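Morning, everyone. Please look at the structure while I talk.

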Amino acid sequence: MKPELVHTTSVGGTIHKYELPGGKSTFMRFLSCYLGSCKFCNDMEEATAYLSAVQALQKGHSLSLIHISEPTR
């Protein structure tokens with residue numbers, strides 16, 4: 001049940017793999033996180049897609065803040 005880091009991005013996103021017991025089976029889940037936004041996913045593909053989306057949203061948010069704070073002439 002110890003998490004295993006399986007992926008990191010250049011901007012700090014991570015994906016950890018977890019083996020979680022449930023009844024008579026053990027389930028593999030992936031925890032995808034970036035800047036405190038995390039989601040448990042069923043497979044690596046879903047975890048990677050979530051990480052890409054949340055990083056893109058944050059990048060777009062940062063760019064709009066930079067644009068708003070630019071001095072006017």
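A disulfide here is a pair of cysteine sulfur atoms within 2.5 Å. This is a predicted model, so keep that in mind. With that cut-off, how many disulfides does a search of the whole structure find? One.

Which cysteines form it? C33 and C38, with their sulfur atoms 2.2 Å apart. That link is right-handed, with 125 degrees about the S-S bond. Now the two partners. Is C33 buried or exposed? C33 counts as buried, because its relative accessibility is 14%, and buried means under 20%. C38 has 43% relative accessibility, so it counts as partly exposed.

Next, C41. This cysteine is in no disulfide. Its nearest cysteine sulfur belongs to C33 and lies 9.2 Å away. A pair must be within 2.5 Å to count as a disulfide, so 9.2 Å rules out C41 with C33. How accessible is C41? Its relative accessibility is 0%, so C41 counts as buried.

Now the aromatic residue, F27. Where is F27 found? In strand β3, which covers residues 25-34. F27 counts as partly exposed, because its relative accessibility is 37%. What does F27 touch, leaving aside neighbours within four places in sequence? Y18, E19, L20 and G22 are in contact with F27.

To recap: one disulfide, formed by C33 and C38. C41 is in none, and C41 is buried. F27 sits in β3, partly exposed. Thanks.

Technical notes: Residues are numbered from 1 along each chain as its sequence is written. This is a predicted model: local features need pLDDT of at least 70, side-chain atom pairs count only at pLDDT 80 or more; totals for chains, interfaces and linings use all residues. Side-chain values use heavy atoms; hydrogens and water are left out. Helices (H or I, at least four residues) and strands (E, at least two) are DSSP runs, numbered from the N terminus. Buried means under 20% relative accessible area, exposed over 50%, partly exposed in between (1.4 Å probe, protein chains only). Contact means heavy atoms within 4.5 Å.
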